[in-house]
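Let me put the thing up on the screen and then walk you through it.

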Amino acid sequence: MADSALQNIPSVYEPSLFGTYSKKIGMWLFLLSDTLTFGALLYAYSYGRISTGGWPTPFHSESIINATIMTAFLLTSSLTMVLAVRASVHRDAKMQTLWLLATMLCGTGFIVLHGREWSNLIAEGLSLPMFPKVPHHQVAAEFVNVSKTVPQFAATFFGLTGMHMLHVTLGVIYLGVVALRRKFIPILLVLWLVAWLGTPAYSPFHYGAHILLIAAIVCGIILWLKPKVYDSSDVEVAGLYWHFVDLVWMFIFPLVYLMSAKIL
Amino acid sequence: MDTFQQALAEQVAEQHRHHGKALFFYVWGALLVMTAIEVYLTYQHMQPVKMLTILLGLSFIKAALIIGYFMHLKYEVSRMKWLTMCSVVACLILMTIFFFPDARRILELGVK
């Protein structure tokens, strides 16, 4: 049906092969390539898990509850995102902005909970050599030998979940730009200051917060060079990216958290 | 955007206008229920391989729901659906071929 409808569009161009606009096809191609990035990371994690004896199972019930709430946040954010797309195609600008803000709020909730999870694990002694040492802390019994005997655990866990957290963070920024355009830049700068000054110097988030500053500069340049009002196609393309981030978590949650749950 | 792209975007928007809001809530509910089942199964002292199989099965169903309904692929033209999904699945199968010899250890030696 879509194919036949396309033939009716008067144009000097030949009909679109995929029956949709270029931006959307571009985003799909990017997401396919990103699938391979996360696929490789998930395979690396699984490979390490299978081939290494004594793989730790550090996620006690509190961690599993935390990760479940994070999952609920992401699933809810996907719902609010489709509602934002729906509002945009109905040209309801106010609801579009509100649903986009709700999506960003859920995404931010996910990042905060994930950050708390990371901080707890680091405080318990699970760390990477590149992370600064936490002063005056006692390494939990389960992590005493993990860094020496199973270094793959921390490397693959922080690598995989860190990559996903970066994607969620960039997704929130992307939605912020689509929803609020230039007004989002000062908000982003405030968030950068809060994240930078509000985290202790030994936290990886202390220097990780500078991603927000870099994003603010890049978004500022883009909005200055090409100011525009984002339409329904832009919201839909942003939505594709957001749903993909949700989709990836649907594999990380069971493989990383549930399969390594501490069951007493 | 040029006129042709705008016409395509408007056509896609028109397709979106025909979707009811309720469907998205059903999909969201199904995703939440499947997540709850996953967490419940974690504490049922199942064999790791059996649990992994069920968890991955549920993850693929959840992924299909997200791609089909939230990402709207169910309503795209056939060429779009087949080319995108076949290409990504083929690449993941290639990764699996490299992974396969060690993955067999799950069946033969069990998960540590």
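So, how many helices and strands make up the secondary structure of chain B? We get 4 helices and 0 strands, and along the sequence chain B simply reads α-α-α-α. Keep in mind that this is a predicted model. Of the 112 residues in chain B, 20% count as buried.

Now the contact between the two chains. Chain B puts in 47 residues and chain A puts in 52 residues. On the chain B side, the elements giving two or more residues are α1 (3-17), α2 (21-42), α3 (48-70) and α4 (78-109). The top contributor there is α4(B), with 13 residues. As for the make-up of that side of chain B, we have 28 nonpolar, 10 polar and 9 charged residues.

Over to the core. The largest nonpolar core runs to 79 residues, and A:A84, A:L175 and A:V248 have the most contacts inside it. Helix α10 of chain A, residues 232-257, supplies the largest share of this core, 16 residues. And what does A:A84 touch, once we leave aside its neighbours within four places in sequence? The partners are A:Q96, A:W99, A:L100, A:T103, A:V235 and A:G239.

Last thing, confidence. Chain A averages a pLDDT of 88, and 91% of its residues score at least 70.

Note on methods: Residues numbered from 1 in each chain as written. Chains lettered and ligands numbered in written order. Predicted model: local features only at pLDDT ≥ 70, side-chain atom pairs only at ≥ 80, totals over all residues. Contact = placed C-beta atoms within 7 Å. Nonpolar A, V, L, I, M, F, W, Y, C, P; charged D, E, K, R; others polar. pLDDT = per-residue confidence, 0-100. Core = buried A, V, L, I, M, F, W, Y, C linked by C-beta atoms within 7 Å. Buried ≥ 20, exposed ≤ 12 C-beta atoms within 10 Å, placed from the backbone.
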